[in-house]
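Thanks for coming. I have one structure to go through today, and I will take it a piece at a time.

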Amino acid sequence: MFNEPPLQLKPRLTISVDQVQSIVRRMSPNASVLDVTELHGGEIGTVLEVALADSPACILKAYPASLQWKMAKEVYVLGLFRDLDITVPSVLFADNTRSVIDLNYVLMTKLDGTVLGRREAVLTDAQLFEIYAEMGAALRRINDIALDSFGYIGPDGVWTAYPSNHAYMSAQLERKLKEFCVRGGDPALAERLRDSVVAHQHLLKAAVVPRLCHYDFHAGNILVTSQGDPHLSGIVDFENATSGDPLMDIAKAIYYFTAKDAPKREGLLAGYGKIERPDWQETPDLYRMYCTLELWCWMAQIGKHEALADLTKELASAA
């Protein structure tokens, strides 16, 4: 069993207004801060909206000591969109010197709009279909970005490069199955899951080109227009980005959908467009199992043991 204390979510990274003023003036010497507001979202860091006197508001994102490298990763990934027609934040200034505050941080442009998750409850099925179709089209453009190798993206690109999706996902699944057992999961269930992966490994081999995957593409990371029919206005939070199989991105995007969310699922897939892969419909089911395994390990890591029983049942069903 793991003996370390649960990972603390949303750690209190105290940043004063004076410190924010010093940070902003490193970007623009004459800038004057009017107000600083902590935003919701950002499980592992602190996200602040900074109102300025004579300039548009910007976003300050700071990272805890254990995850300082996430700053460089976000800068790297956002840079991949520099010449593409996808609305993501632009990096204004990034600093890993810890000379103003003892944290790595990045200043980014603030995108227009409101978080989709705050509007969904009052949207009709037709409106949900349309906005998720816009999201699907945007996800397709993200996945059109080809990278050099498969693997998890770190500060300067793919951290540990794998020559194929099969090699990458086999390594990831094995790592998570071992963690599952160490954190108290049933070894017999882990073995059944391992056998299931081997039986379906041909699905992992079908992805031959590594593609950029957002891998956290949900309503909390999507900005839409605030009034009337919602339209996509921006995509944020690329902390989980990977270089992998686009179908893994789709599987993660629809992971939390229930039967009542059919308009979302149908809209997302319609907007994404035709997928030229044999047996592609089976592949998201395999990735769903991996997403469940990841979530089980995550919940165990952060101490939410009450969630593990239902996740274990889902894993048993997948096996």
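Let me start with helix α2, residues 69-79, where Lys70, Met71, Lys73, Glu74, Val77, Leu78 and Gly79 are buried. Buried here is under 20% relative accessible area, exposed is over 50%, and partly exposed lies in between, with a 1.4 Å probe and protein chains only. Helices (H or I, at least four residues) and strands (E, at least two) are DSSP runs, numbered from the N terminus.

Before going on, the source: this is a predicted model, in which local features need pLDDT of at least 70 and side-chain atom pairs count only at pLDDT 80 or more, while totals for chains, interfaces and linings use all residues. Residues are numbered from 1 along each chain as its sequence is written, and side-chain values use heavy atoms, with hydrogens and water left out.

Back to α2. Its buried residues pack against β3, β4, β5, β7 (151-154) and β9 (211-213). Contact means heavy atoms within 4.5 Å.

**Strand β5 and its partners**

Of those strands, take β5, residues 104-109. Five of its six residues are buried, so β5 is largely enclosed by the rest of the structure. Strand β3 (residues 58-63) runs antiparallel to β5, joined by six bridges. Two strands pair if DSSP finds at least two bridges between them. In that pairing, Ala62 stands opposite Tyr105 of β5. Strand β4 (residues 91-95) is also antiparallel to β5, through four bridges, and there Phe93 has Leu107 as its bridge partner.

**The three-stranded sheet**

Next is an open sheet of three strands, in the order β6-β10-β11, with antiparallel pairing. Which strands stand at the edges? They are β6 (114-115) and β11 (232-235); each has a single partner strand, so one side of each is left without a neighbour in the sheet. Helix α3 packs on this sheet, touching β10 and β11, and its direction makes about 40° with that of β11. Axes are lines fitted to C-alpha atoms, for helices over the stretch in contact, and angles run from 0 to 180 degrees between N-to-C directions. Between β6 and β10 (residues 222-224) there are two bridges, in the antiparallel sense, with Thr114 opposite Val224.

**The second largest pocket**

Helix α3 comes up again here. α3 (125-143) and α7 (246-253) each supply at least two residues to the lining of the second largest pocket. That pocket has a volume of about 300 Å³. Of its 16 lining residues, the closest to the centre are Arg211, Pro246, Tyr272, Ile275 and Arg277. For the terms: on a 1 Å grid over the protein atoms alone, a pocket is an open set of points where a 1.4 Å probe fits, with protein on both sides within 12 Å along at least five of seven lines, and lining residues have an atom within 4 Å of a point. A volume is the space filled by probe spheres set on the points, which are joined across faces, edges and corners.

**Two loop residues**

Last, two residues with positive phi. Most residues other than glycine have a negative phi. Tyr215, in the loop between β9 and β10, has phi near 65°. Asp279, in the loop between α8 (262-272) and α9 (283-301), has phi near 55°. Buried or exposed? Tyr215 is buried, at a relative accessible area of 5%, whereas Asp279 is partly exposed at 42%.
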